[in-house]
Amino acid sequence: CRALETPTRVAYLGPAGTFSEEAALGYFGSSLVRVPCASIDEVFHAVSAGAADFGVVPVENSTEGVVARSLDLFLNTPLFIIGETSLVVRHNLLRREASLQGIQAVCAHPQALAQCHGWLATHLPQAERRPVSSNAEGARLAATDVSLAAIASERAGSEFGLHLVAPAIQDEAHNRTRFAILAHPERHPRPAASGHDCTSLVVSVPNK
């Protein structure tokens with residue numbers, strides 16, 4: 001109904017092909033106006049400044065635990081959580097060539113590199129593990145250099161014209177990431193309690 005009045009602008013960690021984009025599309029539908037951001041900090045800033053109506057950020061992974069940066073930013077912004085969505089995360093090794101030969105570095109978000117640690121140690125022990133801002137950014141880099149591979153979604157592979165060299169390389173078969181949906185209380189008033197709500201608490205204490 002809101003989209004009929006004006007397009008819904010949703011900020012998420014970009015570029016195109018990230019799991020955050022997939023979570024945003026799953027929650028809001030394909031009619032949203034996409035606002036890809038270069039970092040989680042930029043997602044919070046876009047929603048705080050009114051450049052986006054909502055934000056989608058990862059908050060917890062079943063393998064690696066909480067996404068600390070997302071939680072830290074809740075302490076420094078007025079944004080609150082209006083919903084959440086959980087996504088099954090399948091990490092794939094993508095590359096310009098359909099082979100493991102000649103890979104010098106694997107580019108991915110630090111969380112993805114950690115979630116695929118065992119597979120990388122077994123199959124690409126000599127390759128550098130290169131952290132980047134997002135998995136889709138890793139795919140973009142891999143599309144420009146044949147010596148690079150990326151860990152990303154199949155959508156990112158299609159977006160950047162990469163071969164799927166190895167599917168589902170995450171160490172935990174049922175790897176899931178939970179995403180929070182953010183809004184600004186002045187532009188989107190907090191909905192009334194339904195009696196079946198999830199409450200999140202962020203606590204900060206003096207460092208002493």
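Helices here are DSSP runs of H or I with at least four residues, numbered from the N terminus. With that in hand, and bearing in mind that this is a predicted model, let's start at helix 3, which spans residues 40-49 and holds alanine 46. Buried means under 20% relative accessible area, so alanine 46, at 7%, counts as buried. What does alanine 46 touch, leaving aside residues up to four places away in sequence? Its contacts are Ala11, Cys37, Ala51 and Ala52. Arginine 9 sits 37 residues from alanine 46 in sequence, with 10.0 Å between their C-alpha atoms.

Now move along to helix 7, residues 135-142. Six of its eight residues are buried, so the helix is largely enclosed by the rest of the structure. The buried ones are Asn135, Ala136, Glu137, Gly138, Ala139 and Ala142. And what do they pack against? On the helical side, there's helix 2 (19-28), helix 5 (110-115) and helix 8 (154-160). Strand 6 (92-95), strand 7 (105-108) and strand 9 (148-152) supply the rest of the packing.

Exposed means over 50% relative accessible area, so valine 205 counts as exposed at 65%. Together with Leu201 and Val203, Val205 makes a nonpolar surface patch of about 380 Å². Alanine 192 also belongs to the segment after strand 11, and its 69% relative accessibility makes it exposed. Follow the chain from alanine 192 to leucine 162 and you cover 30 residues in sequence, while their C-alpha atoms are 46 Å apart in space.

How values were computed:
Residues numbered from 1 in each chain as written. Predicted model: local features only at pLDDT ≥ 70, side-chain atom pairs only at ≥ 80, totals over all residues. Heavy atoms only, no water. Buried < 20%, exposed > 50% of the residue type's maximum accessible area, 1.4 Å probe, protein only. Helix = DSSP H or I, 4+ residues; strand = E, 2+ residues; numbered from the N terminus. Contact = heavy atoms within 4.5 Å. Patch = residues over 30% accessible without salt bridge, like charges linked within 9 Å, V, L, I, M, F, W, Y side chains within 5 Å. Areas by Shrake-Rupley, 256 points an atom, 1.4 Å probe, with all protein chains shown as cover. Salt bridge = Lys/Arg side-chain N within 4 Å of Asp/Glu carboxyl O.
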